[in-house]
Structures are given as C-alpha cells and as structure tokens.
Amino acid sequence: MRILRAAERAAAPWSNGGGVTREIAVHPPGAGWDGFAWRVSLADVTRDGPYSPLPGVRRILTVVDGAGLELTVDGTPRLLPGRYRPFAFPGGATTASRLLDGPVVNLNVMLREGRAGARVEVVGGGWSAELAGGAADGPDLVGGADPAGGLLVVALEGGARLTVPGESGVPGESGESEVWLERFDAVLWTGSEASPRGLRTDGTVAVVRLSGRPLG
C-alpha cells in the first residue's frame, strides 16, 4: 500500500499555458510519456483550448471540481456539467474543451491501448471493496498475478477515513488500521498486495480499478 499525498506532487505546466497537471501514479513506476501502461493525474484547467493528441491512448476524464466543461471530440460536442461523471474517449481524437463557468479540476486516467484497462467509480458515503464486487476477484486487480493491476482511491471532497486490514500481533486475530486522507490525497494497492477488504470512507472518493488488460 502506498499513500500518495497531494502536497508532495509537482505541478507540470501545459505547453499551451491552459493549465497544469499533477501526476498521482503511473505504471511502470517512473515511466514517461512513451512508456506508461496506465497513468492517473489531476489537472487544473484554467481556460478553453485544444488537447494534445495521444494516439494509442484511451482516456477517462472526470470533472472533480468546478462547474464543468464541454468536450468536442472529433467534431462531436459532449456536455459534462457539474462533477463526478466519468467520460471515456480516444486520446488520438481531435479534442478541445470549453469551460462552462470558470476553472475546473479533472481527474485523468490514461490507458495504453492493448496494455491496460480501468473502471472509474465516484462514491459518496461509506464504501466497501467486498460489497463493491471484490477488488481481488480476478487476476487483473490487486491480489492477482498481474503486476499492472491496482486499486487507486483518491479523496475528492472533504477528507476520507479509510479502514484497511492490518496485523493485530495476536495469533488467530486480524487487526485494522486507519488512514486519513485530505482532499486529493490517494492510496494505491498494486500487483500481489493484499486486497483492501473492509475499506471505508466517510467522504467522496474516486475508486479507480486498474488492470494490465482491457476490461469489458
């Protein structure tokens, strides 16, 4: 389990001056633009403008702060008002965004086609990995053989208190530990790490389930 604090992320300005991006996590760790299987980041968008084309990359964009935006993808407009509505589109498409009412913050999941897949859920109130379908039910998520598999939880609104399995130190008994996340902090489980069964939140979080193969 890796705790990824928002305060420790560096901001990378866009070449067109329209915003900045802060990387949350990438696989393989440390991979650049040409080498990642999946990449998750937050972007502050301050003005209208085109997106850089990313051929061979699938994108899932979720507005997590602000009034929303309109994306035009290969000439087709798509309105994304408000927050928390994941929208998937091909990164190689000609894409531009228009802010509806001031700056927004987007959660961006980028997936190399043929190498990675993802599901993005936005959850308010309590949440349990077990009740949500078992984060370790297959080899393409944590607890399996896929080294690219993972479960990423990002606090979106307010804080989040996560209860995760731990060791009690007493034979035959299991323990629990708590992790407190401030806004935009994240927790990542990958590869063969134990599934975070019993995960709970009292805030609003994004749950990103990642795999090393496309998810149907």
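This is a predicted model: local features need pLDDT of at least 70, side-chain atom pairs count only at pLDDT 80 or more; totals for chains, interfaces and linings use all residues.
## Overall picture

A residue is called buried when its relative accessible area is under 20%, exposed when that value is over 50%, and partly exposed in between.

The protein chain contains zero helices and 17 strands.

## The nonpolar cores

The largest nonpolar core is made up of 26 residues, and those with the most contacts inside this core are Ile24, Trp38, Val109, Leu111, Leu152 and Leu210. At least two residues of this core are supplied by each of several strands, including strand E3 (19-27), strand E4 (38-45), strand E6 (57-65), strand E11 (104-112) and strand E17 (204-211). The largest share, four residues, comes from E11.

Leaving out residues up to four places away in sequence, Trp38 touches Ala25, Val26, His27, Met110, Leu111, Ala116, Ala148, Leu188, Leu210 and Ser211. There is also a second, separate core of 14 residues, which includes Ala43, Val73, Leu80 and Ala93.

## Aromatic pairs

Two aromatic pairs are counted in the model. In one of them, Trp33 and Phe36 are arranged edge-to-face, with 6.0 Å from centre to centre and 70 degrees between the planes. The two partners can be described by their accessibility as well: Trp33 is partly exposed, with a relative accessible area of 47%, whereas Phe36 counts as buried at 1% relative accessibility.

The rings of Phe87 and Phe89 have their centres 5.7 Å apart and their planes at 20 degrees, so this pair is stacked. Phe87 has a relative accessibility of 12% and therefore counts as buried, and Phe89, at 2% relative accessibility, counts as buried too.

## Two residues of strand E10

Thr95 is found in strand E10, which covers residues 95-99, and at 4% relative accessibility Thr95 counts as buried. When residues up to four places away in sequence are not counted, Thr95 touches Pro50, Tyr51, Leu71, Thr72, Val73 and Phe89. Of these contacts of Thr95, Phe89 belongs to the stacked pair described above, and Val73 is a member of the second core.

Leu99 is likewise placed in strand E10, and it counts as buried at 12% relative accessibility. Leu99 and Asp48 are 51 residues apart along the chain, yet their C-alpha atoms are separated by 5.9 Å. Leaving aside neighbours within four places in sequence, Leu99 is in contact with Val45, Thr46, Arg47, Asp48, Gly68, Leu69 and Val104.

Arg2 is found in strand E1, residues 2-4, and is partly exposed, with a relative accessible area of 43%. Although Arg2 and Leu188 are 186 residues apart in sequence, they are 5.1 Å apart in space, C-alpha to C-alpha. Beyond its neighbours up to four places away in sequence, Arg2 touches Ala186, Val187 and Leu188. Leu188 is also touched by Trp38.

## Pocket and cavity

Rolling a probe the size of a water molecule over the atoms shows where empty space is left. The largest pocket has a volume of about 360 Å³. It is lined by 20 residues, of which Trp14, Thr21, Trp33, Ser52 and Arg59 are the closest to its centre. Strand E2 (12-13), E4, E6 and E11 are the elements that give two or more residues to this lining, and the largest share, four residues, comes from E4. By class, the residues of the pocket lining divide into 11 nonpolar, seven polar and two charged.

One cavity of 30 Å³ or more is counted, and the space in the largest cavity is about 40 Å³. The largest cavity is lined by Trp14, Asn16, Gly18, Val45, Arg47, Asp48, Gly49, Pro50, Tyr51 and Ser97, and this lining has four nonpolar, four polar and two charged residues. Among these lining residues of the largest cavity, Pro50 and Tyr51 are also touched by Thr95, while Val45, Arg47 and Asp48 are also in contact with Leu99.

Note on methods: Residues are numbered from 1 along each chain as its sequence is written. Side-chain values use heavy atoms; hydrogens and water are left out. On a 1 Å grid over the protein atoms alone, a cavity is a set of points where a 1.4 Å probe fits but cannot get out, and a pocket is an open set with protein on both sides within 12 Å along at least five of seven lines; lining residues have an atom within 4 Å of a point. Grid points are joined across faces, edges and corners, and a volume is the space filled by probe spheres set on the points. Ala, Val, Leu, Ile, Met, Phe, Trp, Tyr, Cys and Pro count as nonpolar, Asp, Glu, Lys and Arg as charged, and the others, Gly among them, as polar. A nonpolar core is a set of buried Ala, Val, Leu, Ile, Met, Phe, Trp, Tyr and Cys residues joined through side-chain atoms within 4.5 Å. Buried means under 20% relative accessible area, exposed over 50%, partly exposed in between (1.4 Å probe, protein chains only). Contact means heavy atoms within 4.5 Å. Rings of Phe, Tyr and Trp (its six-membered ring) pair if their centres lie within 6.5 Å; planes under 30 degrees apart count as stacked, over 60 as edge-to-face and the rest as tilted.
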